[in-house]
Amino acid sequence: MARIPQDELERLKREIDLVQLITSCGVKLSKKGNDLVGLCPMHSDKEPSLVVTPSKNLWHCLGACGTGGTVIDWVMKTQAVSFRHAVEILRGGGSVQSIRNAKRSTTPLLSCPISHDATGPKLIAQLMGFYHQELLQSKPALDYLEKRGINHPEAIARFKLGFVNRVLYYRLPTIGSTAGRAIREHLAAIGLTRKTGHEHFTGSVVFPIFDVSGEVVEIYGRRITNKGQPRHLYLPGPHRGIWNLDALRESKEIILCESLIDALTFWCAGYRHVTTTYGTNGFTTEIFEALKAYGIERVLIAFDRDDAGDAAAAKLAERLGAEGITCFRVLFPRGMDANEYALKVKPAEQSLGVLLRSAQHVAGPLVPLGNPHPADPTNSSVITDEKPSSSLAAAEEPSTLVKTEANTGSSARKAAKASPVPSVPAPDVPTEIRDHEVLLSLGDRRWRVRGLARNLSFEVLKVNLLVAKGEHFHVDSLDLYSARQRGTFLKQAVEELQIKSEILRKDLGAVLLKLEELQAAEIKKQLEPEEKVVTLSAEEEAQALELLKATDLLDRISDAFATCGLVGEHTNKLVGYLAAVSRKLTKPLAVMVQSSSAAGKSALMEAVLAFVPEEERVQYSAMTGQSLFYMGETDLQHKVLAIAEEEGAERASYALKLLQSEGKLSIASTGKDPSSGRLVTHEYHVEGPAAILLTTTAIDLDEELLNRCVVLAVDESREQTRAIHQLQRESRTLEGLEHRLARQDTVKLHQNAQRLLKPLFIVNP
């Protein structure tokens, strides 16, 4: 059950008149000094024992029960209800005069939100209305929606979002009554309650899903706390209904998500032509038939960017393409979904718009992405989008205006918002990109842009802009998203170059669209660094497999270390190699190499790391306290994290321990919301697991670190020292030269072998 905010409890204790509450229960009070006294209704006293202090809104019984407290305590004692039930009675169950002794009646103290004869869709509709009102009063539920970026009043009202906080049963007739039994049977038949009697969606924000007739036929529930229970809930039985069915009726282009929260993210960002499936495998026949029935021409598949999402998107595109529906794949950064991306890259309207514009055609006839609601030239009442993807293009290209219908007297829009892609694609501008500037040519006009690299946010496009024709030019610094600054620039450029304003205005629109394209590519590159993909040739793969299948693999690994210049340390080398390979597993090993200074600990770790592919190892000399928390989400996943000296990572020891034991890191940090300027909490996650390698000269090690690491003590014997000296002398010989030449091939062979390794579950029979 959701916790009642403390400020709400204090409000009830302060604002509800205790004297009026007590007298409504039939207790007569008389004045005695600054207090009021009367007979306590909880026991039979002939003399007044109940003392009420109006100035503090408190009561106390000096008689047999000897209890007291606030208005909440009074309701709990007199009505024989729980703390939560008492709070609900005081919060919204009507006037306090309605409170009476519950022991004498089976009728609930709070009004029942469900008709006694309601069944099926009618019952669900009444219950969703109750849940909707609970959400509007629930701070935890509204905070959750705010955290997910979907606390949009219009969306909450339009889609009837609700919250299930287990207060329904305080309002139902008792189970001993005929009406109480009937209502509970109807709730159980639909699946709204379980065999235990508890509400199915307890602790969840709920989203009703309607059918074509407007009846609720499905409910999606998202738990706002994760306590080991399923986070995603639906009504029992096959999925029914289509979320945001109006989008299919009003648009020929649909954004299709795999989750309702992702779809609502698009909707709240202004892209109203969006709907959702029921997960990657939840594209129902009903949705498929609706797409065909409403004549949908283009589908932008905005599934999660992971293996499951990619596979489901490809399968779906093939199915829709076979029906002649053009499919585009919206590509989020690897590992992200729509909601996560919109929260990370703000404002969401622009960041999602960029991804929609750059969606890749994957199936069906190649029909350009465009405006699903072309403006009607015969209709003089044309309303443009509030924030088109390019304000300049929208203001200066009438053909991209979007016709929508306004709801008179309300900010709510009935029509779906159009795709952010202009109906007329941006012209192909000849562009030359240099280290510090971008050069564009349009006819006999030359445009030079400097400072584009600093614009790593979709909110601004501040550049130093020069336009020239012949010997005449105009240059200024401006934000291209500012209409006033663009107007000033154009006015002055027209005077300097003596060119018609229409020409320069069109040029500037083309330049802006091109810069947006370059900016989006750079931001995407920053969010999703190019993964190093190493492709092995057939010969390399055969050699690597031959090594992995060798019966004397351990001896060959030991010989490889010797070839690379590390003698002795037979056990330490094999354990270090094993720890590095364990990065592929869900529970990798951690190793601490311990020795005195200059005894060979770094040489051992460097030799182990040499066999790990470059793209699978992360190596530092030192780390600050919170550096690990702010790495990319998958930067450490199934990689080796090596730190040259444990002392250099002393401040990061907590994070290292957590990464080893939990397999992931998370931190909440305060920062400014770029759109509002308010301080908000940002969450950062780093996914593991990772194999950790450390070296240290310390004699006494941190006990918590010892619990998590295998400690390898370097051999510091005289025999080992002599072997090292002998190897150093041999390195000057012809044999030593051959070893150095063979080292590169040996390292490459083992790196390729490790690239082929995959985790395998082993079962003990």
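Which strands does helix H22 lie across, and at about what angle does H22 run to S25?

Reply: Bear in mind that this is a predicted model. Helix H22, residues 653–662, lies across S20, S22 and S25, and its direction is at about 140 degrees to that of S25.

Now for the sheet under that helix. It is an open one built from five strands, and their order is S21-S22-S25-S20-S26. The pairing is parallel. The edges belong to S21 (617–620) and S26 (710–713); each has a single partner strand, so one side of each is left without a neighbour in the sheet. Going from one strand to the next, the twist averages 15 degrees.

Helix H20, residues 570–581, packs on this sheet too. H20 touches S20 (590–594), S22, S25 and S26, and the directions of H20 and S26 make an angle of about 150 degrees.

S22 covers residues 639–643 and S25 covers residues 690–696; the two run parallel and share five bridges. One of the residues to look for is Ile643, whose bridge partner in S25 is Leu694. As background, strands of a sheet pair through backbone hydrogen bonds, either parallel or antiparallel.

Most residues other than glycine have a negative phi, and most peptide bonds are trans. Coming into S22, you pass His638 in the loop between S21 and S22. His638 has a positive phi, near 55 degrees, without being a glycine. With a relative accessibility of 30%, His638 counts as partly exposed. Pro689 belongs to the loop between strand S24 (679–687) and S25.

Both kinds of backbone feature turn up elsewhere in the chain. Lys346 and Pro347 are also joined by a cis peptide bond, again with omega of about -5 degrees, and Pro347 is in the loop between helix H13 (338–344) and helix H14 (348–357). Asn57, a residue that is not a glycine, has a positive phi of about 55 degrees. You'll find Asn57 in the loop between strand S3 (50–53) and strand S4 (58–61). Asn57 counts as buried, because its relative accessibility is 12% and the cut-off for buried is under 20%.

Back to helices for a moment. H21, residues 601–610, is mostly covered, with seven of its ten residues buried. Those are Lys601, Leu604, Met605, Ala607, Val608, Leu609 and Ala610. Then there is the crossing of H18 (residues 538–548) and H25 (residues 734–756): the axes come within 8 Å and cross at roughly 80 degrees. H18 and H25 are therefore roughly perpendicular to each other. On the H18 side, the contact includes Glu540, Gln543, Ala544 and Leu548, while on the H25 side it includes Lys748, His750, Asn752 and Leu756.

Last, the rings. Searching the whole structure turns up twelve aromatic pairs. One of them is Tyr234 with Tyr278, an edge-to-face pair at 5.6 Å centre to centre with 70 degrees between the planes. This pair links distant parts of the chain, 44 residues apart: Tyr234 is in strand S9 (residues 232–234), and Tyr278 is in the loop between strand S11 (274–276) and helix H11 (285–293). Tyr234 is partly exposed at 23% relative accessibility, whereas Tyr278 is buried, with a relative accessible area of 10%. Phe332 and Tyr341 make a tilted pair, 6.1 Å centre to centre and 55 degrees between the planes. Phe332 is buried at 0%, and Tyr341 is buried at 3%. Tyr234 and Tyr278 also belong to a cluster that ring pairs link together with Phe207 and Tyr220.

Two arginines sit over rings as well. The charged end of Arg272 is over the ring of Trp267, 3.7 Å from its centre. Arg319 lies over the face of Phe288, 4.2 Å from the ring centre.

How values were computed: Residues are numbered from 1 along each chain as its sequence is written. This is a predicted model: local features need pLDDT of at least 70, side-chain atom pairs count only at pLDDT 80 or more; totals for chains, interfaces and linings use all residues. Side-chain values use heavy atoms; hydrogens and water are left out. Buried means under 20% relative accessible area, exposed over 50%, partly exposed in between (1.4 Å probe, protein chains only). Helices (H or I, at least four residues) and strands (E, at least two) are DSSP runs, numbered from the N terminus. Rings of Phe, Tyr and Trp (its six-membered ring) pair if their centres lie within 6.5 Å; planes under 30 degrees apart count as stacked, over 60 as edge-to-face and the rest as tilted. A charge sits over a ring if NZ of Lys or CZ of Arg is within 6 Å of the ring centre and within 35 degrees of the ring normal. Two strands pair if DSSP finds at least two bridges between them. Axes are lines fitted to C-alpha atoms, for helices over the stretch in contact, and angles run from 0 to 180 degrees between N-to-C directions. Contact means heavy atoms within 4.5 Å. Angles under 35 degrees count as roughly parallel, over 145 as roughly antiparallel, 65 to 115 as roughly perpendicular and the rest as oblique.
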